[in-house]
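Please open the model in your viewer and keep the selection tool at hand. We will go from stop to stop, picking something to select and then looking at what is there.

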Amino acid sequence: MRCSLRRLLAAALAGSVLFLLTLHGCRRQEQDPLEVEFRGSIPALVLQMVQPEGAQRILRDTDHFSALHNVSYHLLAGSLSPHKKFLVVGLASVRRPRGYYLPATLQSLFQQSTEEELQEMVVVVHLADADPTWNVRVAADIARRFSHHILLGRLLLIHAPHEFYPTLEGLKRNYNDPEERVRFRSKQNVDYAFLLAFAANLSSYYLMIEDDVWCAKSFLTAIRKAVASQEGSNWATLEFSKLGYIGKLYRSSDLPRLARFLLLFYQEMPCDWLLVHFRLLLTQKDVIRFKPSLFQHMGLYSSFQGTVNRLEDDEFEADALDLPDNPPAALFTSMSVFENYEPLKAYSTAEGYFWGKDPVAGSVFSIVFKQPARIARVRVRTGSEERRGDFLRAGVLELGRQRRPNGRDCSAYTTVGTFEKGTFEQRGLERGMPGPVECVRIRVTRDQSEWLIIQSIDIWTVAGS
């Protein structure tokens, strides 16, 4: 059965790739050198059995699953690069009762990336359905649509044979979930564990997404910028979406532990819950999530029973190159802080927001930069979906110079604009303040009975400053 499956996969995929390559030859007089090299023949790695060294080490160390020690992946399409990339984008895909979003997701990944970004990235898709016919059909379809990226080593299609999976029968029914639901989420954990193990040695960083997402433009450049901003910190997970396990970034050096973790606890709880526990075990207490989100859920129908799923990330923005700089700074406020909603949460990547009690005319929220900076743009959002009334009703934004000796404020401020309906946004600030500034201050100009939530403060600096 296993051999017949391999022959079936090879025949279907080879035929589709050869057809597309021949079609390219008919349509174009001038060919890319790499396409000419493969013309008239099938890429050598359209279908192979592979055992990546990193994956085998991970699975050998997982003593609870002796059957996994010698797992061989089906490499359905693509070829392993001899060079490590900056980023692997990994996703698992199974047949949905309704909807088929994988091609649109891959199209978004490739179209939203520049040629330079694509050279630093490889997309790995684990076709993980239990039905080999579906895997064959989808692999052939993807190979036909994306043969260019497959030939350039930017896209790999893999499958971990189900004979290597742990049992999916008689599982623990934690949280009183129905058996079918427990089986689905437990298998999903193993799907991702195999995917993580395969990808462990392919890149410096690994990005987890689902097979039904849109991507922001130049998301890789935005991720590189975010990673650089965390230099020196021992983060376990960086998040670029607030939905489930979309947009979760890991160091590839942590993938062996994460793969083993998912395998050990595969039947206990859903994958996104396990990912939270993994972060906490690696001593990252707070969520580090970057805004705006770089990935948006687009699928209407869930992969579980085809139920309607209208989840969307309201903080997604299509242009990732528009991420703020937010220079290193100390934050101070004259308002009383409610519980742990401290000022830093409005300015940093920490989850949450600032929540101040009883703002009155003259109350301030100050950002004091570690080093003077030339400011080009500032955006401040107040209020929240949960507390719509707690927004700034009257206030101004000021840029300051001449930092005081105590480092908590500046002595000279220039007002650059007022808040409208709780929001401030202004560009071109460098034209009014041509030199570097040392403080940015929000000042309340009228008493209000409602408390004040500052959801986010985004600051862009002049390039090269």
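**The whole chain**

Keep in mind that this is a predicted model. Begin with everything selected and coloured by secondary structure: the protein has 13 helices and 20 strands. It is built from 465 residues, and 56% of them count as buried.

**First pair of helices: α4 and α6**

Select residues 102-111, which form helix α4, together with residues 132-145, which form helix α6. Their axes come within 11 Å and cross at roughly 30 degrees. Angles under 35 degrees count as roughly parallel, so α4 is roughly parallel to α6. The crossing of these two helices, α4 and α6, is right-handed.

Now show side chains where the helices meet. From α4, the contact is made by Leu102, Pro103 and Leu106. From α6, the partners are Val138, Asp141, Ile142 and Arg145. Sorted by class, the contact of α4 with α6 holds five nonpolar residues and two charged ones, with no polar residue.

Move on to residues 255-264, helix α10, and residues 271-281, helix α11. The two pack at an angle of about 130 degrees, and their axes are 11 Å apart. That angle makes α10 oblique to α11. The crossing of α10 and α11 is right-handed.

Which residues make this contact? On the α10 side, pick Arg257, Leu258, Phe261 and Leu262. On the α11 side, pick Cys271, Leu274, Leu275, His277, Phe278 and Leu281. The contact of α10 with α11 divides into eight nonpolar residues, one polar and one charged.

**A glycine in a loop: Gly247**

Select Gly247, found in the loop between β8 (238-239) and β9 (248-251). Is Gly247 buried or exposed? Its relative accessibility is 0%, so Gly247 counts as buried.

Leaving out residues up to four places away in sequence, Gly247 touches Leu207, Met208, Ile209, Leu238, Glu239, Phe240, Ser241 and Phe295.

Jump to Ser218, in the loop between β7 (213-215) and α9 (219-229). The phi angle of Ser218 is near 55 degrees, a positive value in a residue other than glycine. With a relative accessibility of 3%, Ser218 counts as buried.

For the last stop, select Lys421, in the loop between β17 (410-418) and β18 (423-427). Phi of Lys421 is near 50 degrees, again a positive value in a residue other than glycine. Is Lys421 buried or exposed? Its relative accessibility is 79%, so Lys421 counts as exposed. Display Ser218 and Lys421 together to finish: Ser218 is buried, whereas Lys421 is exposed.

Conventions
Residues numbered from 1 in each chain as written. Predicted model: local features only at pLDDT ≥ 70, side-chain atom pairs only at ≥ 80, totals over all residues. Heavy atoms only, no water. Helix = DSSP H or I, 4+ residues; strand = E, 2+ residues; numbered from the N terminus. Buried < 20%, exposed > 50% of the residue type's maximum accessible area, 1.4 Å probe, protein only. Axes fitted to C-alpha atoms, helices over the stretch in contact; angles between N-to-C directions. Parallel < 35°, antiparallel > 145°, perpendicular 65-115°, else oblique. Left-handed = near helix turned anticlockwise from the far one by under 90°. Contact = heavy atoms within 4.5 Å. Nonpolar A, V, L, I, M, F, W, Y, C, P; charged D, E, K, R; others polar.
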